[in-house]
Amino acid sequence: MFGKAFKGELGLAATFWKFGFIGIVIFGALVSFFAKMLNGYLQGRSVYNFFMHNFHFVYSDKMSIFWVLCYYSAAIWMVFYTLYIVKGVWISAGTYEKSRWLAFFARLFISLLAAFYLYTFPVIKLF
């Protein structure tokens, strides 16, 4: 199902709403949640600085490692998912024959949504 959506082989409505809009919003909320949980541990410091001063193999807080892994893996997945689904909606809108206006607005809206989520991405300093 995801493969067809990424290739633009599904209908425009399914690709845009199910995978585009809902998928990007869910990924954005997930990344924001992980960033908030990680910021509770970092307290304004970078990830590198936090682990250089607070990390010990036995005594360190395991949840801080968990939230770092969750945040960075979700952030990488969100970037790739967003780029692939924008491509899928773009191709699906190109083959949509019922209304050129709907195809145009689907392309415009998914591009603006992707730009908004990637621009307002909660960035955690690595170094």
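Good morning. I shall begin with two helices, α2 and α5, whose axes come within 11 Å and cross at roughly 10°. Because angles under 35 degrees count as roughly parallel, α2 is roughly parallel to α5. Please bear in mind throughout that this is a predicted model.

Which residues carry the contact between these two helices? From α2 come Leu12, Phe16, Gly20, Phe21, Ile24, Val25 and Gly28, and they meet Leu102, Ala103, Ala106, Phe109, Ile110, Leu113 and Tyr117 in α5. Sorted by class, this contact of α2 with α5 holds 12 nonpolar residues, two polar ones and no charged ones.

I turn now to the other partner of α5. Helix α4, which spans residues 62-94, has an axis that comes within 9 Å of that of α5, and the two cross at roughly 170°. An angle over 145 degrees counts as roughly antiparallel, and α4 and α5 are therefore roughly antiparallel to each other. On the α4 side, the contact is made by Met78, Val79, Thr82, Val86, Val89, Trp90, Ala93 and Gly94. Their counterparts in α5 are Arg100, Ala103, Ala106, Arg107, Ile110, Ser111, Ala114, Tyr117 and Leu118. The contact of α4 with α5 divides into 12 nonpolar, three polar and two charged residues.

Next, the largest pocket. Its volume is about 160 Å³. Around the pocket stand Leu12, Ala13, Phe16, Trp17, Tyr96, Leu102, Phe105, Ala106 and Phe109. Helix α2, residues 12-42, and helix α5 each supply at least two residues of this lining. As to class, the lining comprises nine nonpolar residues, with no polar and no charged ones.

Where does Leu10 lie? Leu10 is placed in the loop between α1 and α2. Beyond its neighbours within four places in sequence, Leu10 is in contact with Met1, Lys4, Ala5, Thr15, Phe19 and Ser92. Between the C-alpha atoms of Leu10 and Ser32, which are 22 residues apart along the chain, the separation is 29 Å.

Finally, a word on confidence. The protein chain has an average pLDDT of 87, and 98% of the residues score at least 70. Among the elements of the chain, helix α5, residues 100-119, has the highest mean pLDDT, at 92, while helix α1, residues 2-7, has the lowest, at 78. Thank you for your attention.

Methods:
Residues numbered from 1 in each chain as written. Predicted model: local features only at pLDDT ≥ 70, side-chain atom pairs only at ≥ 80, totals over all residues. Heavy atoms only, no water. pLDDT = per-residue confidence, 0-100. Helix = DSSP H or I, 4+ residues; strand = E, 2+ residues; numbered from the N terminus. 1 Å grid on protein atoms, 1.4 Å probe; cavity = no way out; pocket = protein on both sides within 12 Å on 5 of 7 lines; lining within 4 Å. Points joined across faces, edges and corners; volume = space filled by probe spheres on them. Nonpolar A, V, L, I, M, F, W, Y, C, P; charged D, E, K, R; others polar. Axes fitted to C-alpha atoms, helices over the stretch in contact; angles between N-to-C directions. Parallel < 35°, antiparallel > 145°, perpendicular 65-115°, else oblique. Contact = heavy atoms within 4.5 Å.
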